[in-house]
Amino acid sequence: MTHVVTESCIRCKYTDCVDVCPVDCFREGPNMLVIDPDECIDCAVCIPECPVNAIYAEEDVPANQIAFIKLNVELSQQAGWKSITKRKPALPEAEEWKDVTDKIGELVR
């Protein structure tokens with residue numbers, strides 16, 4: 001199994017999770033992070049670090065977020081989505097977007 005970053009991360013991109021990841025499985029896009037399932041060791045240390053509760057074990061992904069399982073796979077393999085290994089500031093508008101739902105249309109690939 002792996003862990004999955006879901007919709008709550010879009011337009012926030014808090015990177016608290018990156019600091020604790022022992023295998024550097026996070027990939028950074030323009031306005032979201034994803035987890036590379038080939039790198040994730042299912043340790044779960046990232047889950048409590050996410051301030052917007054965007055990370056789930058694959059088997060615990062809410063029904064309305066299931067599409068993010070495939071999306072994490074797809075985006076983690078895209079050329080522009082590079083490994084991120086150090087914490088950096090969240091996006092400037094993160095506080096405004098952290099509680100917004102239905103943000104899939106805001107995702108920049």
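Which residues on the other side of H2 are exposed? I began my notebook with this question, and I record that the model I consulted is a predicted one.

**Entry 1: helix H2**

I looked up the exposed residues and found Ala67 and Lys70 on the other side of H2. I then turned to the buried ones. Helix H2 covers residues 67-77, and its buried residues are Phe68, Ile69, Leu71, Asn72, Leu75 and Ser76. Viewed down the axis of H2, these buried residues fall within an arc of 165 degrees, so they line one face of the helix.

I next asked what covers the buried residues of H2. The cover includes three strands: E1 (3-5), E2 (26-28) and E3 (33-35). I also noted the placement of the helix: H2 lies across E2 and E3, and runs at about 100 degrees to E3.

**Entry 2: the sheet**

I looked up the order of the strands in the open sheet. It has three strands in the order E3-E2-E5, and the pairing is antiparallel. E3 and strand E5 (82-83) stand at the edges with a single partner strand each, so one side of each has no neighbour in the sheet. As background, I wrote down that strands of a sheet pair through backbone hydrogen bonds, either parallel or antiparallel.

For the pair E2 and E3, I found three bridges, with the two strands running antiparallel. Within E3, Val34 is the bridge partner of Arg27.

**Entry 3: the largest nonpolar core**

Which residues touch the most other members of the largest nonpolar core? They are Val5, Phe26, Met32 and Ile55, in a core of 31 residues. The elements giving two or more residues to this core are E1, helix H1 (16-20), E3, H2 and helix H3 (94-97). H2 gives the most, with four residues. A general remark belongs here: in soluble globular proteins, nonpolar side chains tend to be buried together.

Leaving aside neighbours within four places in sequence, its contacts include Val5, Cys17, Val18, Leu33, Val34, Ile35 and Ile55. Lys82, Ser83 and Ile84 are also among the contacts of Phe26.

Thr2 lies in the segment before E1. Is Thr2 buried or exposed? Its relative accessible area is 7%, and Thr2 is therefore buried, as the cut-off for buried is under 20%. Beyond its neighbours within four places in sequence, Thr2 is in contact with Ile35, Pro37, Cys40, Asp42, Tyr56, Ala57 and Glu58. I also noted that Thr2 and Ile69 are 67 residues apart in sequence, while their C-alpha atoms are 9.2 Å apart in space.

Tyr14 is in the loop between E1 and H1. With a relative accessible area of 15%, Tyr14 is buried. Not counting residues up to four places away in sequence, Tyr14 touches Leu33, Pro51, Val52, Ala90, Ala94, Glu95 and Lys98. For one of these residues, Glu95, I found a polar contact of 2.9 Å between its side chain and that of Tyr14.

I found Glu93 in the loop between E5 and H3. Glu93 counts as buried, at 18% relative accessibility. Its side chain is joined to that of Arg11 by a polar contact of 3.4 Å.

Arg109 lies in the segment after H3 and is partly exposed, with a relative accessible area of 47%. Which residue's side chain makes a polar contact with the side chain of Arg109? I found that it is Glu74, at 2.5 Å. Leaving aside neighbours within four places in sequence, Arg109 is in contact with Pro30, Leu71, Glu74, Leu75, Gln78 and Trp81. Of these, Leu71 and Leu75 were already listed among the buried residues of H2.

**Entry 4: two aspartates with positive phi**

Asp24, although not a glycine, has a positive phi of about 55 degrees. I located Asp24 in the loop between H1 and E2. Asp24 is partly exposed, with a relative accessible area of 33%.

Asp102 likewise is not a glycine and has a positive phi of about 55 degrees. Asp102 is placed in the segment after H3. At 68% relative accessibility, Asp102 counts as exposed, since exposed means over 50%.

Definitions and conventions
Residues numbered from 1 in each chain as written. Predicted model: local features only at pLDDT ≥ 70, side-chain atom pairs only at ≥ 80, totals over all residues. Heavy atoms only, no water. Buried < 20%, exposed > 50% of the residue type's maximum accessible area, 1.4 Å probe, protein only. Arc of directions from axis to C-beta. Contact = heavy atoms within 4.5 Å. Core = buried A, V, L, I, M, F, W, Y, C linked by side-chain atoms within 4.5 Å. Pairing = 2+ DSSP bridges. Axes fitted to C-alpha atoms, helices over the stretch in contact; angles between N-to-C directions. Polar contact = N/O pair within 3.5 Å; in protein donor to acceptor, adjacent residues only side chain to side chain.
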